[in-house]
Amino acid sequence: TTSSAMVNIIRAVATTLPHLLLYLSLNLHQSYAILQSAAIDIAKHHADGSIESFTMLASQASFGANPPMSVENNLPMHPQFPPNTDPLLCNEADGINDYAKTPPSNDVNVVMLVPRGVCSFERKALSAQRLGASSIIIYGTLASRYSLNATTNEIIYPIDRNDYDCNRASASIPASALSFDPAPYNAKVDDAVLSGSAEGGNLCAVGNDRFKEMCPSQRCLLTGETDIIGRGRQLQQQQQPQEDSISSMKACCAWDFPIWLYADAELQKATSIEPVEIPGVYVTMEEGDLLIQHIMSSPTVTFT
């Protein structure tokens, strides 16, 4: 009886295992995150003389110098943002500016906070270095996950499972609440309705009592799937939305993982361009927002 039972179990496993493996191969998707091996110590100096301090973890870069291991070996640095005319710090990569010919800032010990997107991480670091920064912090944004096709000027939307996960949270966002001017994504308008809590205006969280639990990033990305007036839902991955014909767009929970700052292969080969020597780190969208909030809320903030 025991032998017969064992044979039946083996047969059942042999029958179901191929189907299980096929299911897993079709339904499991890779998501990448790396260990945050750097630390940023932030000190907020208040008007009453008190100092509020805390530490934030960050991931490092495969280019530039490694920062010294302890706080004592690092000088406090003052945060600075890119020039207003180059908010993504990609003008050099696009051939618009040449910061090598620009006199560096007189400010000493400056850490430049730069949003992710458009050009490579190392290109951003090179421009920051030429502008006089001692280090660079690159932070994630929703806008960085969209781009434009250089040939057709059409929007390239974020990638399913790589950038977002609809199984965690999804919603239909009224087209009237969104803007694609300037293309491919208007962060000033769209971030407000795709980030935070439902009470704070996040339309992706409205009507979803488990949004905070299911979507750790508290942010959503548009997938390119739209509801067209008179034609129902269709995928619009390769067309810029015509807002007068779209009733809504699908949005799903965005991933917000730490990532490794990879080197730029072209810069690594270029012998006529100086190497990036300043340290670089990456912080997530959530961490980037916190850093900016602390900078805006305190007259003096230093990073170590």
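Helices are DSSP runs of H or I with at least four residues, strands are runs of E with at least two, and both are numbered from the N terminus. The model is predicted: local features need pLDDT of at least 70, side-chain atom pairs need 80 or more, and totals for chains, interfaces and linings use all residues. Residues are numbered from 1 along each chain as its sequence is written, and side-chain values use heavy atoms, without hydrogens and water.

**Exercise 1.** Which span should helix 6 (residues 285–297) have?

*Solution.* 
- The expected span is 1.5 Å times one less than the number of residues.
- Helix 6 has 13 residues, so it should span 18 Å.
- Its end C-alpha atoms are 18 Å apart, which agrees.

**Exercise 2.** Classify the ring pairs of Tyr-146 with Tyr-157 and with Tyr-185.

*Solution.* 
- Rings of Phe, Tyr and Trp (its six-membered ring) pair if their centres lie within 6.5 Å; planes under 30 degrees apart are stacked, over 60 edge-to-face, the rest tilted.
- This rule gives 3 aromatic pairs.
- Tyr-146 and Tyr-157 have centres 6.1 Å apart and planes at 75°, so they are edge-to-face.
- Tyr-146 lies in the loop between strand 5 and strand 6, and Tyr-157 in the loop between strand 7 and strand 8, so the pair ties together parts 11 residues apart in sequence.
- Tyr-146 and Tyr-185 have centres 4.5 Å apart and planes at 15°, so they are stacked.
- Tyr-185 sits in the loop between strand 8 and helix 3, 39 residues from Tyr-146.
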